[in-house]
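Dear colleague,

Please read the notes with the model open beside them.

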Amino acid sequence: SLRTRGGAAILHFGGRGRSDGSLLFEHDNCDGRAHLVDHHDLEKLLGAGPRDEPTVLAFVSACHGEQSGQTFVKAGVPHVVCTSGPVRDDLAARFTYQFYRALLDGKSIGASFDIATGILRCDFVADASAPPPSPPRGA
């Protein structure tokens with residue numbers, strides 16, 4: 001959890017984001033309800049609890065994730081991948097797959113981002129309905 005992120009080198013959020021920058025987390029009782037987390041709440045969560053090892057990468061796979069991404073940067077996470085507006089689920093999934101595939105192949109965070117973005121750019125020849133993501137901060 002965000003409260004006990006000690007030892008988590010990569011923190012990945014995959015879910016829904018709102019235009020006000022809030023993220024929707026699953027409610028504690030897992031009954032399908034959402035818990036709205038704005039950047040102030042996220043900042044508090046990231047500041048709580050011990051951190052034995054620093055988080056190196058935060059990946060926010062959600063529409064309008066930029067404000068949350070900036071909160072991760074303020075919390076000291078050196079690499080953040082996020083979007084600044086709406087993103088199609090299929091493109092987010094494809095980008096995420098290619099990014100982590102490159103990372104697992106030993107590529108750096110920046111190179112993994114470039115590889116995933118390049119693959120999406122090639123896909124845009126057939127489908128130009130959404131722009132590719134912006135580069136990660138610190139990469």
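**Helices against the sheet**

Helix H3, residues 89-104, lies across strands E1, E5 and E6, and its direction runs at about 160 degrees to that of E5. Please keep in mind throughout that this is a predicted model.

The sheet itself is an open one of three strands, in the order E1-E5-E6, and the pairing is parallel. Because E1 (10-14) and E6 (79-81) stand at the edges and have a single partner strand each, one side of each is left without a neighbour in the sheet. From one strand to the next the twist averages 10 degrees. Between E1 and E5, the latter spanning residues 57-61, there are five bridges, and the two strands run parallel; within this pairing, His-12 has Phe-59 of E5 as its bridge partner. Helix H2, residues 66-74, also packs on the sheet, where it touches E1, E5 and E6, and its direction makes about 170 degrees with that of E6.

The largest nonpolar core has 13 residues, and the members that touch the most others are Val-60, Phe-72 and Val-80. At least two residues of this core come from each of E1, helix H1 (39-47) and E5. If residues up to four places away in sequence are left aside, Phe-72 touches Leu-11, Leu-42, Leu-46, Ala-58, Val-60, Val-77 and Val-80. There is also a second, separate core, made up of eleven residues, among them Val-81, Leu-91, Ile-109 and Phe-113.

**The H3-H4 pair**

H3 packs with helix H4, residues 109-123, at an angle of about 140 degrees, and the two axes are 8 Å apart, which means that H3 is oblique to H4. The crossing of H3 past H4 is right-handed.

**Cys-82**

One cysteine may deserve a look of its own: where is Cys-82 found? Cys-82 is in the loop between E6 and H3, and because its relative accessibility is 18%, under the 20% cut-off, Cys-82 counts as buried.

With best regards

Note on methods
Residues numbered from 1 in each chain as written. Predicted model: local features only at pLDDT ≥ 70, side-chain atom pairs only at ≥ 80, totals over all residues. Heavy atoms only, no water. Pairing = 2+ DSSP bridges. Helix = DSSP H or I, 4+ residues; strand = E, 2+ residues; numbered from the N terminus. Axes fitted to C-alpha atoms, helices over the stretch in contact; angles between N-to-C directions. Contact = heavy atoms within 4.5 Å. Core = buried A, V, L, I, M, F, W, Y, C linked by side-chain atoms within 4.5 Å. Buried < 20%, exposed > 50% of the residue type's maximum accessible area, 1.4 Å probe, protein only. Parallel < 35°, antiparallel > 145°, perpendicular 65-115°, else oblique. Left-handed = near helix turned anticlockwise from the far one by under 90°.
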